[in-house]
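I opened a notebook for this structure. These entries record what I looked up, in the order I looked.

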Amino acid sequence: MPISEQPSGAKTTQKKVPSLAELEHTSWQQLASAPESEQDPFKFMTVATCTSKGADARMVVLRQVDAGRKYVWFHTDARSEKVIQLEAFPTATLLFWDNKKQLQLRLMVETRLHTDDYVADDQWRALWTGNRKLYLSELKPGTEQPTPYPGFPVHFGENLPTEQESEEGRKNFAVIECRVLSMEYLHLSRAGQTRAFFQYEPESKMVWLAP
Ligand SMILES: Cc1cc2nc3c(=O)[nH]c(=O)nc-3n(C[C@H](O)[C@H](O)[C@H](O)COP(=O)(O)O)c2cc1C
């Protein structure tokens, strides 16, 4: 029905449909600001990896994003299972979910491990002692224990290590650099779902997908 013929009081709720380029831009903007935001659900992501037995997944903190070059970084213990898996199978999927916005992002990435180089040194230097404490574990993550173990020497309890004590964790610290090969966007809505695919490598491409 033409707008002029609509019953009085009826509202036209025609929303401007964002372009593929706009969706891609706003997604990367949210990713880029998430590491500095306590509230943004994109501050946490699920990292899905391949293993010789199948698949594995776990939550990690998104530490850094380069929206221009399409890189993201997270931190982990160099002795952890995920590092062993990523060394054998460097591709991974990073999964984000924003419940408020009803938005899922899936980033397909190629990972690179940094332990003894300037990348790891720089990120370690910027890490406060509360985070460094997590790398003081005397035990390889995932080893079986007769009793619960807090993940750092028990004498620290709730206290923070000194800057000097925290340096003991450097040898266990790893940065995982993720080069984003492609990103999939999915927005849920009663008015219709929006699904789009953005490829960066081997060549750039943007396309709508059927949800
Ligand atoms: C909210 C949340 C954030 C986490 N952040 C990290 C993180 O940034 N890095 C990390 O290695 N593990 C993090 N973990 C723990 C991992 O999920 C996982 O239990 C641990 O790294 C061992 O995983 P793996 O055996 O697959 O290596 C986090 C867990 C939760 C629940």
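Predicted model: local features only at pLDDT ≥ 70, side-chain atom pairs only at ≥ 80, totals over all residues.

**Entry 1: the ligand**

The side chain of arginine 58 has an N or O atom 2.8 Å from an oxygen atom of the ligand. Valine 61 has a polar backbone atom 2.9 Å from a ligand oxygen. For glutamate 81, a backbone N or O atom is 3.3 Å from an oxygen atom of the ligand. I then looked up the cover: of the 620 Å² of accessible area that the ligand has on its own, the protein covers 58%.

Which elements give two or more residues to the shell around the ligand? I found strand S2 (54–61), strand S4 (71–77) and helix H2 (81–88). S2 gives the most, with four residues.

I wrote down the residues that surround the ligand: Phe44, Arg58, Met59, Val60, Val61, His75, Thr76, Ser80, Glu81 and Lys82. By type, the shell holds four nonpolar, three polar and three charged residues.

**Entry 2: strand S4**

I went on to S4, one of the elements of the ligand shell. Is S4 mostly covered or mostly open? I found it mostly covered, with seven of its seven residues buried. In a regular strand the side chains alternate between the two faces of the sheet.

Next I looked for the partners of S4. Strand S3 (residues 64–66) pairs with S4 in the antiparallel sense over three bridges. In this pair, valine 65 stands opposite valine 72. S4 also runs antiparallel to strand S7 (residues 173–187), and seven bridges join them. Phenylalanine 74 has isoleucine 176 in S7 as its bridge partner.

**Entry 3: backbone exceptions**

I searched the backbone for exceptions. Most residues other than glycine have a negative phi, and most peptide bonds are trans.

Lysine 70 is not a glycine, yet has a positive phi of about 65°. I found lysine 70 in the turn of the hairpin that S3 and S4 form, with four residues between the strands. Is lysine 70 buried or exposed? Its relative accessible area is 15%. The cut-off for buried is under 20%, so lysine 70 is buried.

Glutamine 102 is not a glycine either, and has a positive phi of about 55°. Its place is in the loop between strand S5 (91–98) and strand S6 (103–114). Glutamine 102 has a relative accessible area of 28% and is partly exposed.

I also found a cis peptide bond, with omega about 5°, between glutamate 201 and proline 202. Proline 202 is in the loop between strand S8 (194–199) and strand S9 (205–209).

**Entry 4: the nonpolar core**

Last, I looked up the largest nonpolar core and found 30 residues in it. Trp28, Leu31, Val72, Leu94, Phe96, Leu105 and Leu107 have the most contacts inside this core. Helix H1 (20–33), strand S1 (44–51), S4, H2, S5, S6, S7 and S8 each supply at least two of its residues. S7 gives the most, with five residues. I noted that Val72 of this core is the residue opposite valine 65 in the strand pair above.

Methods
Residues numbered from 1 in each chain as written. Heavy atoms only, no water. Near = heavy atom within 4 Å. Polar contact = N/O pair within 3.5 Å; in protein donor to acceptor, adjacent residues only side chain to side chain. Areas by Shrake-Rupley, 256 points an atom, 1.4 Å probe, with all protein chains shown as cover. Nonpolar A, V, L, I, M, F, W, Y, C, P; charged D, E, K, R; others polar. Buried < 20%, exposed > 50% of the residue type's maximum accessible area, 1.4 Å probe, protein only. Pairing = 2+ DSSP bridges. Core = buried A, V, L, I, M, F, W, Y, C linked by side-chain atoms within 4.5 Å.
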